[in-house]
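Trainee: Please walk me through this model. I would like to learn how to read its features.

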Amino acid sequence: MKTRYLFRSALLALLAVVGVSSCDVDPEFSSQVVPDNYYQSQNAVWQRFARPFTHWRWYAAHNENLWRLQELGTDEFCIPTRGSDWFNGGVYQKFHHHEYTEDMTCIQEGWRLSQMGVALSWDALEDLQQVDFKRLGFAEGTQQSMLSQLQTLVAWFYLKGLDLFGGMPLYTTTQSEVKGRSTDVQTFNFIDSLLTVSLPNLPVKKTLGEQETGSIHAATAAAIKAELYFNAMAYIRKDMYKECAQICQDIIDGKYGTYALDPDWTNIFGFNNDTSPEIIWSVPSENAKLETDGMQFVNMVPYNYRNYLGGLENSGSNNANGLLPGLDPTGKRYTYKLGGAYQKFSDKDIRKQNYVYLGGGKYKGMFIVGKLVNPLNPEWKCLGSREYKGEVIDEVDQVAYFTRVKNDRYRKDDGSYLYNSVADLPSTIATAEENSGIRVTKISPRPTEDDVKLMYNPDVPVIRLAEVYYMLAECKMRLGDKAGAAELINKVRKRYFADGVDPDPVTAANLDKYRMLDEWQVEFLSEGRRRTDLVRWDAYVNEDWWDHKATHNENLNRFPIHYSILNANHLLEQNPGYGR
């Protein structure tokens with residue numbers, strides 16, 4: 001392998017962050033392997049090309065840290081302290097209240113994995129630039145396609161960094177000295193330039209429903225560029241909604257390939273979703289060959305949920321994530337404009353029912369809600385392990401210590417009860433039980449034990465056409481065309497009503513900031529984007545929901561850089577409002 005300054009410095013510094021240290025920063029190699037003598041087959045070339053995509057798969061769809069940065073601390077999800085479970089030093093309560101500190105692991109990984117993705121992508125690109133593709137018998141244009149895909153991947157990693165942290169250290173090669181941070185504008189323009197160069201050289205999907213394999217098509221780069229422009233006001237205080245709208249319209253019109261909204265939402269996330277016409281880019285998965293878990297199954301489902309699925313193997317559960325409640329302990333709906341996602345779904349919405357795997361790769365519902373007895377086999381039930389030990393779990397859209405009402409274990413010194421009725425119960429992230437908060441089974445749904453071989457078949461959508469529709473709708477709204485915006489959103493909404501009648505369609509009259517945010521939430525719940533949407537609408541730090549109070553501190557729209565990252569590269573500067 002070639003010795004490169006970025007790997008000798010930045011990557012070794014990144015490894016030091018996770019516990020690898022060395023007095024000698026110069027790597028030693030037992031042999032000299034370079035492109036001329038290593039890439040002797042097409043298979044070797046494809047393996048080299050795939051390495052940064054392996055990292056992308058981990059960051060985008062399997063590692064929980066990116067998901068947590070985008071979902072915890074928003075009006076969608078929290079990890080409440082469930083009795084004695086999940087206090088974890090108060091870290092998840094801090095997330096919920098936006099009390100971010102420089103020692104949080106999720107924040108460390110958000111930066112580290114983004115930067116490592118950049119380095120791995122440039123490293124592969126530089127190797128493949130030196131390969132004689134013609135000699136190896138590749139089809140004309142293959143090399144340019146690979147290089148352009150890697151360049152687009154760099155842009156995606158940098159976009160994640162810009163979204164979470166602001167300006168990033170910008171590299172165009174691994175043969176570079178370690179750098180400090182560039183400005184937000186410089187980072188934005190760099191991402192834009194990478195996409196502008198790569199887009200014309202990317203393959204175009206010509207057949208509707210053509211299998212997605214994780215490779216990058218022209219529509220992927222176009223959608224990433226649209227996302228960059230869509231959030232330009234939040235990133236660099238520049239209005240680019242008109243530019244975003246044009247790209248979105250071009251994607252919908254087929255300029256960058258053939259895509260269509262899927263009439264069946266379960267096809268988008270289900271066991272054979274690699275051929276859904278709606279998916280523009282997805283992380284591939286195929287049982288044990290390549291496992292992904294985009295729904296964070298282990299952390300999402302209640303204890304013993306595997307028994308609801310017929311004892312499904314390899315399906316442990318940590319009972320962590322849950323939706324913020326829509327109801328107070330008495331059953332009254334909260335009046336906050338944001339939060340309470342489950343209550344935002346119409347009762348006629350076919351998604352708003354308990355998840356049931358029907359067999360043959362089919363399922364219905366996307367929530368874990370109510371009494372968890374499988375309707376197809378009543379012997380399959382999820383029993384409690386803590387407050388409701390031995391009882392069928394009844395998953396509720398509430399967070400409170402219901403079992404402590406008139407409980408002798410919680411008497412005061414004067415003999416009175418601590419909680420005489422549910423009206424006395426507090427409802428906070430610190431006062432949850434094992435059944436508190438409804439769960440979501442939208443991404444990476446699970447079969448029952450009877451079809452265990454399908455367990456990891458669902459791919460994880462990263463970009464889908466509905467996102468393009470919604471970006472275009474919001475752009476139209478902001479540019480004064482609310483009727484046009486409503487029409488686009490309603491095209492997506494109609495697939496969720498069995499009788500074809502939407503009881504609450506979007507109209508020019510009811511479309512405002514909060515309805516737009518509700519529509520983003522209902523359509524993209526649990527897809528790891530909520531924080532970005534709230535920041536774009538100046539709602540992340542300026543709105544209340546449930547027991548979260550607005551800080552009105554704009555610095556919190558970005559996360560701090562972990563102290564170990566700063567120690568590894570003294571050229572980096574901390575974000576305003578945090579530490580040094």
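**Reading the model**

Mentor: Helices (H or I, at least four residues) and strands (E, at least two) are DSSP runs, numbered from the N terminus. This is a predicted model, where local features need pLDDT of at least 70, side-chain atom pairs count only at pLDDT 80 or more, and totals for chains, interfaces and linings use all residues. Residues are numbered from 1 along each chain as its sequence is written, and side-chain values use heavy atoms, with hydrogens and water left out.

Trainee: Is Phe-157 buried or exposed?

Mentor: Buried means under 20% relative accessible area, exposed over 50%, partly exposed in between (1.4 Å probe, protein chains only). Phe-157 has 0% relative accessibility, so it counts as buried.

Trainee: Which residues is Phe-157 in contact with, leaving aside neighbours within four places in sequence?

Mentor: Contact means heavy atoms within 4.5 Å. By that rule the partners of Phe-157 include Pro-52, His-55, Trp-56 and Tyr-59, as well as Leu-113, Ser-114 and Gly-117.

Trainee: How do I read a pair of packed helices?

Mentor: Two packed helices are described by the angle between their axes and the distance between the axes. Axes are lines fitted to C-alpha atoms, for helices over the stretch in contact, and angles run from 0 to 180 degrees between N-to-C directions. Here the axes of helix 3 and helix 6 (residues 105-129) come within 9 Å and cross at roughly 170°. Helix 3 is therefore roughly antiparallel to helix 6. Angles under 35 degrees count as roughly parallel, over 145 as roughly antiparallel, 65 to 115 as roughly perpendicular and the rest as oblique. Residues making the contact include Pro-52, His-55 and Tyr-59 of helix 3, with Leu-113, Ser-114 and Gly-117 of helix 6.

Trainee: Where does Thr-292 lie?

Mentor: Thr-292 lies in the loop between strand 2 (279-283) and helix 13 (297-300). Thr-292 counts as buried because its relative accessibility is 2%. The C-alpha atoms of Thr-292 and His-62 are separated by 5.5 Å, though the two are 230 residues apart along the chain.

Trainee: How is empty space found?

Mentor: Rolling a probe the size of a water molecule over the atoms shows where empty space is left. On a 1 Å grid over the protein atoms alone, a cavity is a set of points where a 1.4 Å probe fits but cannot get out; lining residues have an atom within 4 Å of a point. The count comes to 2 cavities of 30 Å³ or more. The largest cavity is lined by 25 residues, and Lys-160 is one of those nearest its centre. Strand 10 gives the largest share of that lining, 5 residues.

Notes:
On a 1 Å grid over the protein atoms alone, a cavity is a set of points where a 1.4 Å probe fits but cannot get out, and a pocket is an open set with protein on both sides within 12 Å along at least five of seven lines; lining residues have an atom within 4 Å of a point. Grid points are joined across faces, edges and corners, and a volume is the space filled by probe spheres set on the points.
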